[in-house]
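This report covers the sheet, the nonpolar cores and a few single residues of one protein model. The structure is shown first.

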Amino acid sequence: MSIGKVLLVGAGPGDASLITVKGLLAIREAQVIVHDRLVNLELIAQAPANCQIINVGKNSNHHPVPQEHINQILIDHALAGKNVVRLKGGDPYVFGRGGEEAECLAQHNIPFEIVPGISSSIGGLAYAGIPVTHRHFASSFHVVTGHMCQGNEPQNWNALAQLDGTLIVLMGMSRQEEICQRLIKGGKSPDTPAAAVMYASQQQQEMAKGTLSTLKDEIARKKIHAPALLVIGNVVNLSDVLAFTSHPIDINHEPLLQAI
């Protein structure tokens, strides 16, 4: 029996129509789909009727399917000759542990391919009217995780506070108050614009906006919770001008996508 192939596919920030063409084709040709918790179910509905769907989603501090088990699922199905899609939110290599999974596949001589996706750290914020860079406000952006691997040192918030660009924190909502306080302690002005964007790019998207010193209260007032992005920097103020209303494409009925 020939060995199958694993495609690590980025599903994008949330809106199903933001999947890449190659990613959608991979889903439509998959024999097995192993997906994360935040992947839009509209994408999974594109799979063939006989495709095996395996949910390995994780919540913060609760991983019902350990990463080692996920790796083994990919290996086992590929060795059984199946075309496997590992469907991950955002981009597989942006805090999605895609690198670890690809390493494991390489160690077992399993053919694999990466299908990049739109990272929520860029695309999700764009849907909130926040460009991560702007010639007049930020010439760089920095994406960090608020949830470090067990055993690793925490982020150096003092050093991050000294950066001039836009700071984006993924998986940081459970620590958002602490993060803001540590950035202020590290030298960031309490008046630095800050926002939390929940369900970025989706119809239920909501945003709380304030400053490092007021964001906690705004988050409580707007009832923002995970999954959400934290963003700190002057580009946050551009959302007043650059916010837009999205009209998502129905990937089930869009003629162009049906023709692919």
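Leaving aside neighbours within four places in sequence, which residues is Leu183 in contact with? The model is a predicted one. In it, Leu183 is in contact with Trp157, Leu160, Ala161, Leu167, Lys188, Leu212 and Ile232.

**Nonpolar cores**

Leu183 belongs to the largest nonpolar core, which has 21 residues. Together with Trp157, Leu167, Val169 and Ile224, Leu183 touches the most other members. Two or more residues of this core come from each of α6 (157-161), β7 (166-170), α7 (176-185), β8 (193-198), α8 (215-222) and β10 (228-232). There is also a second, separate core of 19 residues, with Ala16, Leu24, Val39 and Leu87 among them.

**The sheet**

An open sheet is formed by five strands in the order β6-β7-β10-β8-β9, with mixed pairing. The edges are taken by β6 (141-145) and β9 (206-211); each has a single partner strand, so one side of each is left without a neighbour in the sheet. On average, neighbouring strands of this sheet are turned by 20° against each other, direction ignored. Strands of a sheet pair through backbone hydrogen bonds, in a parallel or an antiparallel sense. For β8 and β9 the sense is antiparallel, and the pairing extends over six bridges. Ala195 stands opposite Lys209 in β9.

**Helices on the sheet**

Ser120 lies in helix α5 (residues 120-127). Its relative accessible area is 19%, and because buried means under 20%, Ser120 is buried. Not counting residues up to four places away in sequence, Ser120 touches Pro13, Gly90, Leu125, Leu170 and Leu229.

Where is Leu238 found? Leu238 is in the loop between β10 and α9 (239-242). With a relative accessibility of 14%, Leu238 also counts as buried. Residues up to four places away in sequence aside, Leu238 touches Gly129, Pro131, His134 and Phe137. From C-alpha to C-alpha, Leu238 and Ala196 are 14 Å apart in space, and they are 42 residues apart in sequence.

Note on methods: Residues are numbered from 1 along each chain as its sequence is written. This is a predicted model: local features need pLDDT of at least 70, side-chain atom pairs count only at pLDDT 80 or more; totals for chains, interfaces and linings use all residues. Side-chain values use heavy atoms; hydrogens and water are left out. Helices (H or I, at least four residues) and strands (E, at least two) are DSSP runs, numbered from the N terminus. Buried means under 20% relative accessible area, exposed over 50%, partly exposed in between (1.4 Å probe, protein chains only). Contact means heavy atoms within 4.5 Å. A nonpolar core is a set of buried Ala, Val, Leu, Ile, Met, Phe, Trp, Tyr and Cys residues joined through side-chain atoms within 4.5 Å. Two strands pair if DSSP finds at least two bridges between them. Axes are lines fitted to C-alpha atoms, for helices over the stretch in contact, and angles run from 0 to 180 degrees between N-to-C directions.
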